[in-house]
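Please keep the sequence and the 3D view at hand.

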Amino acid sequence: MALFVHLAPEKETNSIRRGGIKPRRLKVPLADGFDRIVFAMPVTDDFYVSHQWLRELKRSGQRTIVGVYFRIPDEQPVMVGHYNQNHQMLSATEAVGIVFNAEQPEGFEVIIPRKIEPTEIQKISSVPQVVGW
């Protein structure tokens with residue numbers, strides 16, 4: 001099963017432990033079935049790549065961000081791509097391969113079209129607050 005990290009405000013930790021990661025509703029669906037989504041990144045050997053969105057999230061006013069690490073089935077349909085380009089619909093393992101093999105993985109994101117259940121969460125931990133691209 002593919003391992004991903006979702007960055008969330010620390011104040012939501014207890015809620016996430018109880019109810020999982022709730023998807024964000026989009027006004028305009030990205031694709032069929034992608035109207036409620038969770039943003040994530042594959043956990044790679046490079047901490048910087050996996051947690052690259054921290055700086056951007058802090059810009060929105062969040063003070064402390066935590067990493068929510070979870071596993072989803074390898075065949076789970078997801079979308080992957082660079083944040084300002086078209087995304088491809090692939091399986092979770094294929095999306096991990098795209099990010100792992102990208103020449104410049106900065107700016108990539110994985111979009112999961114469903115809630116992440118509490119049973120899928122492996123751990124929630126604090127992360128250095130100075131990561132970002």
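## Aromatic pairs and core

Tyrosine 83 is partly exposed, with a relative accessibility of 43%. The model is a predicted one. A ring pair is described by the distance of the centres and the angle of the planes. The table gives both values for each pair.

| Pair | Centre to centre | Angle between planes | Class |
|---|---|---|---|
| Phenylalanine 4 and phenylalanine 70 | 6.0 Å | 20° | stacked |
| Tryptophan 53 and tyrosine 83 | 5.7 Å | 85° | edge-to-face |

Why is the pair of phenylalanine 4 and phenylalanine 70 called stacked? Its planes meet at 20°, and planes under 30 degrees apart count as stacked. Phenylalanine 4 belongs to strand 1 and phenylalanine 70 to strand 4, so this pair ties together parts 66 residues apart in sequence. Both of these phenylalanines are buried.

Tryptophan 53 lies in the loop between helix 2 and helix 3 (54–59), and tyrosine 83 in the loop between strand 5 and strand 6 (88–91), so the pair ties together parts 30 residues apart in sequence. Tryptophan 53 is buried, at a relative accessible area of 19%. The cut-off for buried is under 20%.

Which residues touch the most other members of the largest nonpolar core? They are Phe4, Phe70 and Ile112, in a core of 34 residues. Elements giving two or more residues to this core include strand 1 (2–9), strand 4 (65–72), helix 4 (92–101) and strand 7 (108–112). Strand 4 supplies the largest share, 6 residues. In soluble globular proteins, nonpolar side chains tend to be buried together.

Beyond its neighbours within four places in sequence, phenylalanine 4 is in contact with several residues, among them Ala40, Met41, Val68, Tyr69, Ala92, Val96 and Val110. Tyrosine 69 also has a charge over its ring: the charged end of lysine 123 sits 5.1 Å from the ring centre.

## Serine 50

Serine 50 is in helix 2 (residues 47–50). Is serine 50 buried or exposed? It counts as buried, at 2% relative accessibility. Its side chain reaches the backbone nitrogen of threonine 44 at 2.7 Å. The side chain of serine 50 also reaches the backbone oxygen of proline 42, at 3.1 Å. Leaving aside neighbours within four places in sequence, serine 50 is in contact with Val5, Met41, Pro42, Val43 and Thr44.

Note on methods. Residues numbered from 1 in each chain as written. Predicted model: local features only at pLDDT ≥ 70, side-chain atom pairs only at ≥ 80, totals over all residues. Heavy atoms only, no water. Helix = DSSP H or I, 4+ residues; strand = E, 2+ residues; numbered from the N terminus. Buried < 20%, exposed > 50% of the residue type's maximum accessible area, 1.4 Å probe, protein only. Polar contact = N/O pair within 3.5 Å; in protein donor to acceptor, adjacent residues only side chain to side chain. Contact = heavy atoms within 4.5 Å. Core = buried A, V, L, I, M, F, W, Y, C linked by side-chain atoms within 4.5 Å. Phe/Tyr/Trp six-rings, centres within 6.5 Å; stacked < 30°, edge-to-face > 60°. Lys NZ or Arg CZ within 6 Å of the ring centre and 35° of its normal.
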